Amino acid sequence: MREQHWVFGYGSLIYKVDFPYLDREVALLRGWSRRFWQGSHDHRGTAESPGRVVTLIQDEDALCRGVAFLVEESVFEHLDHREKNGYERHSTKLHLEHRDETVTGTFYIATSDNPAFLGDAPDSELAKHIAHSQGPSGSNADYLLSLANALRDIGEHDEHVQNLERHLLALKQAP
Ligand code: SIN
């Protein structure tokens with residue numbers, strides 16, 4: 001049998017599933033928070049004007065809900081290429097909610113020492129940055145809005161993402 005792995009998606013991997021998978025489960029990751037702190041030169045921005053995408057920041061008491069995909073080993077070639085702008089694979093324990101089972105899985109994380117990392121800023125600034133960014137994969141606003149919708153679909157209330165969505169929608173409505 002070919003080797004199979006659980007891969008945890010917490011950002012665009014939740015809603016842009018451009019890879020084959022064998023199973024899909026809503027999953028919880030303990031000790032990490034989702035933040036729009038990573039720069040994107042290759043998807044939602046450019047080298048001159050990077051957009052902002054999510055990474056995970058260590059946060060002892062936090063629980064991050066996302067989607068775990070069961071994939072064959074060969075899928076990593078595609079995912080490593082897709083996540084190449086600062087992300088690295090990291091191994092972790094994941095809780096598969098419906099199965100009520102804990103498994104070992106992999107997620108992609110962009111740590112603060114990668115050259116594309118942008119870090120924190122007030123929500124209003126983050127939303128302005130996102131509203132004005134655009135890259136080969138589309139607008140940065142679509143990334144945020146698609147993620148906010150996908151999180152709602154899996155029952156996740158992520159205050160950081162929801163606040164940014166609120167700011168972004170207000171900017172879009174402003175005359
Ligand atoms: C992920 O979705 O798990 C990683 C971040 C991204 O590609 O948006």
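This is a predicted model: local features need pLDDT of at least 70, side-chain atom pairs count only at pLDDT 80 or more; totals for chains, interfaces and linings use all residues.
Student: Noted! And what share of the residues count as buried?

Tutor: Of the 175 residues, 51% do.

Student: What's the fold made of, in helices and strands?

Tutor: There are five helices and seven strands. Going along the sequence, they come in the pattern β-α-β-β-α-β-β-α-β-β-α-α. The radius of gyration is 16 Å, close to the 16 Å from the globule rule for 175 residues, so the protein is as compact as a globular protein of that length.

Student: What does the C-alpha trace span along its principal axes?

Tutor: Roughly speaking, about 55 × 30 × 25 Å.

Student: And how many of the contacts between residues at least 6 apart join residues at least 24 apart?

Tutor: That would be 75% of them.

Student: Which residues lie nearest its centre?

Tutor: S12, H43, E83, Y87 and Y143, out of 21 residues in the lining. The elements giving two or more residues to that lining are α1 (12-15), β2 (23-40) and β3 (51-72).

Student: How does the lining of the largest cavity split by class?

Tutor: You get eight polar residues, seven nonpolar and six charged.

Student: Now G11. Where is it found?

Tutor: In the loop between β1 (4-9) and α1. With 5% relative accessibility, G11 counts as buried, because the cut-off for buried is under 20%.

Student: What is G11 in contact with, leaving aside its sequence neighbours?

Tutor: Beyond four places in sequence, G11 meets V54, Y143 and L147. There is also Y108, 97 residues away along the chain, whose C-alpha atom is separated from that of G11 by 9.8 Å.

Student: Which residues does I130 contact?

Tutor: Outside four places in sequence, I130 has contacts with F36, R52, N140, A141, L144, L164 and L168.

Student: Which residues does D123 touch?

Tutor: Not counting residues up to four places away, D123 touches H160, N163, L164 and H167. D123 is found in helix α3 (residues 123-131). The C-alpha atoms of D123 and V161 are separated by 9.5 Å, with the two residues 38 apart along the chain.

Student: Is D123 buried, exposed or partly exposed?

Tutor: Partly exposed, at 24% relative accessibility.

Student: Last one, D100. What is its phi?

Tutor: Near 50°, a positive value in a residue other than glycine. D100 lies in the loop between β4 (88-96) and β5 (101-109).

Student: And why does D100 count as exposed?

Tutor: Because its relative accessibility is 59%, and exposed means over 50%.

Note on methods: Residues are numbered from 1 along each chain as its sequence is written. Side-chain values use heavy atoms; hydrogens and water are left out. On a 1 Å grid over the protein atoms alone, a cavity is a set of points where a 1.4 Å probe fits but cannot get out, and a pocket is an open set with protein on both sides within 12 Å along at least five of seven lines; lining residues have an atom within 4 Å of a point. Helices (H or I, at least four residues) and strands (E, at least two) are DSSP runs, numbered from the N terminus. Ala, Val, Leu, Ile, Met, Phe, Trp, Tyr, Cys and Pro count as nonpolar, Asp, Glu, Lys and Arg as charged, and the others, Gly among them, as polar. The radius of gyration is taken over C-alpha atoms; the globule rule is 2.2 Å times the number of residues to the power 0.38. Buried means under 20% relative accessible area, exposed over 50%, partly exposed in between (1.4 Å probe, protein chains only). Contact means heavy atoms within 4.5 Å.
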